[in-house]
Every structure is written in structure tokens, then in C-alpha cells.
Amino acid sequence: MVRLSLSRLQSMMKAIQVQQFGAPEVMKVETGLPIPQPGENQVLIKVKAAGVNPVDTYIRSGTYAVKPELPFTPGSDAAGIVEAVGAGVTTFKNGDRAYSVRSVTGAYGEYAVSDIQFTARLSDKLSFAQGASLGVPYYTAYRAVMQKAQVKTGETILIHGASGAVGLAAVQLAKSQGLTVLGTAGTKEGLDLVTANGAAQAFNHREEGYVQQITKATGGGGPDVIIEMLSNVNLQKDLELIKAKGRIVVIGCRGTVEINPRLMMGKELQVKGVMLGAAAPEDWVEMHTALVDGAEKGWINPQVNKQYDLKDAPTAHNDVINNTGSLGKLILNI
């Protein structure tokens, strides 16, 4: 019988591997994988929880614009304990609680390497599952609401699709900035979750006439800002609904859409897109500072919807895309 030394065992880990692009079932748990080592300005995180994002499914299926080399471990958002630091790292030490917004080696495994540019300290006020909920949702929301829409206290903002992880993050962020927050969702549970997280009113986007209800709620003028999660369905509605000189920020899209640009011209609207990966280094510094501070002050409160074992990653990938209404974040427990 072959016996492995303790040092050999300690150098191996368990992780999801994708050997070929395809359906969720291409994700398999593999053992005996080498633990990655941090390079310069990188940290190694012993992962306690990993966030599941829609973009993870696009990458796994091979439909995303940038395809990783096969095989690969999916996931960008991880939370856990710093296990080792690379050369040049002075802001983290072994034993620190931390989370990654963009793991270099993938988040769906027992260990993950992250560049310190995309790593932040995890508040003791948040669980590891909540920490794994911060990355893509909260940083995307911050980039949309603060860096792109550049909201001002007293404005009215509509979060179109507010019950998902990014939407709830946007609701909490906008509320913390003194905005009047309106949100939409597709179920009663989603509507209740949106108002519980700070929205003044929530509207069912599956109901006929909900756009008119929003217009009425804004005194007939429409919101100053719209954060849009499904632009291929809603962008034309947004153009009709928004206030003159308003800003629409597009976060999500799953297809094409036909719009009337005259509405943009007549109202002098701004329509902006968000791609978190396009953020500059100084943008990341701003986001880290604001969100770490928000966690300490308590206005950041990630809503974890459902937690899965690592082996159930295929189910989580199906659930994050095929659902009747988003209700917060899906998490893999490692």
C-alpha cells in the first residue's frame, strides 16, 4: 500500500475542476490537487466559503468573452483565512480574515490565491458566507451607484431587479447615501426582502402597469437614476420612465434589445455600462475603503439565500440562473 507523507498531504487540496466547457455537470470535485502558492503581491487564502455568481456560469459554459485555459477551477469570490503571503505583501499576515473579489486560481476549492489589489480584510461582524457574498455583488453595486451614476443625496434611485445579490447590495448602498430607494422584484418574498433592506417602496415587475406605479410614486417625474440588471428586457422601459437628464447604469444583459434613441436625445439622458474588470487601480482602492468601512458601520448586510456543499456546485449553477425570483446570494461551503 502506498503511504503519503504528512508534508505531501499538506500540499494537496480538494477543488472543483472543469475539464471541458459545457453544462453545470462538467464541474467535478477532484482531490489530490496541488495547493497553489502565492507570488509577489499575492496571498493564499484557506477558503471557508465561495460565492456563486451568474458570470461563473457563463465562463463554465464557454460563452463568456474571455475563456480560461482548461482545466480550471471556477469562481472569483472567496472568504477565509490568510494562510501565506507572497513577497512584497505588508497589508496582510497569516491568520487574517480576508475576502477576494477576483481569485487568481479560482474560488471553488479549499485554497485560493488572490492579488492583494483584489483582496480586502473581512470584518469580524460578518460571517465567512457573508464575506463570500461581498465580491462581485457589492463591488459591482458600488461601481454602478457611486462611480458611474455618481448619485447625490436626496435623489431617487430605482433598482430594477433589486432582490438578487447585486440588487440588494445596491439598495443598501443607496440607502446609506441618503437616497430614496425604489426597487422591483418578481415575487412577494423578493418584494419583502427589498423593503426590509431599505427600499421605500417595491414593485412587482411581473405585474401589468408596474411602470405606471413607479411613475406615480415619483410624483410623475420618474427616478433620477436607474440601476438595470436585465437591460435586454427593460432598457426601453427605463428610457420611458426615467426623469429628464437622468442616468441609467446597465449592469446585466442576456440578449439584444430594440430601443428608441430619441428618448435619450429629448431627455438628454446618460446610459452607462458597468464592467467590474475595467475598474482602474485607484477605483479598487476607493471601493475597498468604502466597503470595508460600510461593513464596520453596519450598513453592509449581505443576504445569504442558500448554502451548498462543494459537490453540489452544479445545482448552485442551475439555481443562480433558473429561478422564479432572486432572493440574495448563493454560497458554496468549502
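Q: In which sense do β4 and strand β5 (residues 97-100) pair, and over how many bridges?

A: Two strands count as paired if DSSP finds at least two bridges between them. Here β4 and β5 pair in the antiparallel sense over four bridges, and the partner of G80 in β5 is A98. Helices (H or I, at least four residues) and strands (E, at least two) are DSSP runs, numbered from the N terminus. The model is predicted: local features need pLDDT of at least 70, side-chain atom pairs count only at pLDDT 80 or more, and totals for chains, interfaces and linings use all residues. Residues are numbered from 1 along each chain as its sequence is written, and side-chain values use heavy atoms, with hydrogens and water left out.

Q: Which strands does β3 join through bridges, and how many bridges are there to β4?

A: In a regular strand the side chains alternate between the two faces of the sheet. Strand β3 runs antiparallel to β4 (residues 78-85), with seven bridges; V43 is partnered by V85 and I45 by V82. Five bridges join β3 to the antiparallel β6 (residues 111-115), where L44 has V113 as its partner.

Q: How many of the residues of β3 are buried?

A: Buried means under 20% relative accessible area, exposed over 50%, and partly exposed in between (1.4 Å probe, protein chains only). Nine of the 11 residues of β3 are buried, so the strand is mostly covered.

Q: Which residues touch the most other members of the largest nonpolar core?

A: In soluble globular proteins, nonpolar side chains tend to be buried together. A nonpolar core is a set of buried Ala, Val, Leu, Ile, Met, Phe, Trp, Tyr and Cys residues joined through side-chain atoms within 4.5 Å. The largest one has 50 residues, of which Y99, Y139, I157, I159 and I227 touch the most other members. Elements giving two or more residues to this core include α4 (135-148), β8 (156-160) and α10 (281-297). Apart from it lies another core, of 25 residues, among them V52, A78, A316 and L332.
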